[in-house]
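Student: Could we go through this structure together? I would like to start with the strand pairing.

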Amino acid sequence: MIFESASLGVGKAGVATALCLIFCWSPVSATQTDSGVQILQADDLQSRDNVIYLTDQWKYFSGDDLQFAAPGLDDSEWDQISTYLTSFDFAFAEWQGIGWFRLKVYVDSSLVNRPLALLIEKHLGASEVYLNGDEVFSLGNINPDGTIESYTDFKPKMIVFPDAGEQTIAVRYANLTPDSFIEEEGMAGFRFLLGDANYHLDSRVDTAMWRSGWQTFFLGSLLVFAVIHLLLFSFYPAEKRNLFFALFTLFLGVLVLSIFKTEFTHSPFESVIFTKIAQVTWILTILYALRFTYSLYQKRTPVQFWVFGIAGLILIAGIWYNVGQIYLARELFVLIAVLEMLRALFKIVLQKRSGSWIIGFGIFCFLMSILYRILINANLLTGETTTASILGSGTMIFAMSVFLSRDFAVTQKRLEQKLIEVKDLSEKTLEQEKRNKEIEIETRLLEAENKRKSHELEEARTLQLSMLPSKLPNVDPYDISVYMETATEVGGDYYDYSVQDDGWMTLALGDATGHGMKAGIMVAAAKSNFHMLAGEKDQVKMLHRMSDGLRKMDLHMMYMGMIIMRCNGMKAEIISAGMPPVLWYRKKLGRVETVTLKGLPLGTKVAYPYQTRQLEFDAGDTILLMSDGLMELFNEKRELLGLERIKRELLNKSCATSKEIIKHMRSLMMSWSGDHKNEDDVTMMAVKIKDDETYAGSERSEK
């Protein structure tokens, strides 16, 4: 489809639960055996898209050996990671440019010898695909000299299971430049699904023929309209509406061309570039659609357009330079621009301007197609948006052109009728009155909008702070201090504690993916689960129950990292789910140890085997818990603060109280980042085991 194909709708939008119950749809996933092997059966193909959603969690081994394709190979010691190969996966993958992935499936007799298609949802390298040790197809080339030829192809690939029972799909995958793809796409791997071959092959052919024909016709029409109105502007420069309309259609044409190239290129690198161009031209298309709308009822450029223009340029820079979470800001920008165009449309209608219904109908159809696409991309509706996008854009362009032509003719007639009246009026007085009214209206609108936004931000900030403890526990022998700094008004970090009747104290520090309102919702859910399960003595069971609770909320790609430390006296037990290492200063040994516990964040579908670590403290020991925002703090040279600098600072200030340690860590942050704004939330918790040397000196200094 015109806008969705360029990955322009990645962002999500939150709405009421009632709407979600009406419109949301979840894909059908294959069932699993007790050992985790997926069961494939014909009934799984009864979904609306005839697709079996294979898991993206495959067995993985770094290295290259064709024997890894053998179905009888024992891969029980292999790691299990996502085939998407995100930056999180590379932390465990030990990637060397090439690796093997294996997935065991149990094929029901209903699928034996049935033509199936391996559907390629994503593929950013070169691969060879094996079924039970036999190569069935390849994408690109993995050369013997170690070089590869990357290849992207979304055509369904035939695959037939010859027998029922357990079978093995193996993928030899290579990507020599994963960092560039992670920077551009957020991943460097692949994603395969299974579908009915006949259905998807026919659908692919029909869709390609229909879409290529429509896109070619639509692109030609856009270019014709752009040229015509550029010529009209060149003949009569005072009528700038022709210029704005021509630029709108021109950028829309570039957008369609970029998407067209994205769909038919076989190079992952070209696909990324054309996708980025499409996203940039999408912002420019919206800007000039908004500018043309303003020009329908006023000649001067309104102040709010410059606000949108600056925001659009910032978004374009963020898209081009791959700023994290930029797609959320992009979708918000489009939504606000749509609302602003609706406001301007209502203003045109209220003015009862002749012919306003023509342009109003065109703009309304265009905006409805955009809102429809946003709802589809936010999983609030299901459907195919190609026809809606073409009809919405085409209707607006046709209506704009008709309106401009009609308005030009009407204006000529009115000029003849108003010549006598103009002689009796003072042109300067009329212009001054018009300017004063416009300034007054714009000022009131800006004041109301600023007041509303300030109130909403203050409420969101208050809600976030209310979810954090108002005070820290005073339990011997612990001295605890905490510091939190959010990257936005509403952060995604979280800390909490619970003291049980048996004397045990449970401390928690979490980090939701991203930040903003959705991260705040995740934090609220995590807090509720933590206080409900804080008394659980089995921490592994506690994390599994918390993960299940967060996953069932269905927040769409939102996860929660969590460190939990359960302590009593000089003993503690610590467990981590997708969080940075814990730093432990051991006074007797005079060093800082790194406690690393691997684990997936909470909220995933995987029942990860979390591990715990038992700690035995001595007086004067210090534990430092932190979110990844501290280690990943950038300076002005885009260098990371890193774990080693934090360890050195903790060692140097090991004799201080927890409050003083936090103070020194904040000084380290400020000296490192300078004027550079934090890009992620930063939270740290220092737990000091009291000793006479430190706290006797602290009490004397306070006296």
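**Strands and helices**

Tutor: Val51 stands opposite Gly195 in strand 14. Please keep in mind that this is a predicted model.

Student: How many bridges join strand 3 to strand 14?

Tutor: Two bridges join strand 3 (residues 51–52) to strand 14, and the two strands run antiparallel.

Student: What stands opposite Gly195 in strand 7?

Tutor: Ala117 stands opposite Gly195. Strand 7 (residues 116–123) pairs with strand 14 in the antiparallel sense over seven bridges.

Student: Is strand 14 buried or exposed?

Tutor: Seven of the seven residues of strand 14 (residues 190–196) are buried, so the strand is largely enclosed by the rest of the structure.

Student: Changing topic: in what order do the strands of the open sheet come?

Tutor: The order is 15-24-23-20-21, five strands with antiparallel pairing. Strand 15 (478–485) and strand 21 (591–595) stand at the edges with a single partner strand each, so one side of each lacks a neighbour in the sheet. From one strand to the next, the twist averages 15°.

Student: And which helix packs on the sheet?

Tutor: Helix 16 (residues 658–673) does, touching strand 15, strand 23 and strand 24. Its direction makes about 25° with that of strand 15.

Student: Now the helices: at what angle do helix 6 and helix 7 pack?

Tutor: Helix 6 (residues 268–295) and helix 7 (residues 303–320) pack at about 175°, with their axes 9 Å apart. They are therefore roughly antiparallel to each other.

Student: Which residues make that contact?

Tutor: Among them are Ile283 and Leu287 of helix 6 and Phe308 and Ile316 of helix 7. The contact residues divide into 13 nonpolar, four polar and two charged.

Conventions. Residues are numbered from 1 along each chain as its sequence is written. This is a predicted model: local features need pLDDT of at least 70, side-chain atom pairs count only at pLDDT 80 or more; totals for chains, interfaces and linings use all residues. Side-chain values use heavy atoms; hydrogens and water are left out. Axes are lines fitted to C-alpha atoms, for helices over the stretch in contact, and angles run from 0 to 180 degrees between N-to-C directions. Helices (H or I, at least four residues) and strands (E, at least two) are DSSP runs, numbered from the N terminus. Angles under 35 degrees count as roughly parallel, over 145 as roughly antiparallel, 65 to 115 as roughly perpendicular and the rest as oblique. Contact means heavy atoms within 4.5 Å. Ala, Val, Leu, Ile, Met, Phe, Trp, Tyr, Cys and Pro count as nonpolar, Asp, Glu, Lys and Arg as charged, and the others, Gly among them, as polar. Buried means under 20% relative accessible area, exposed over 50%, partly exposed in between (1.4 Å probe, protein chains only). Two strands pair if DSSP finds at least two bridges between them.
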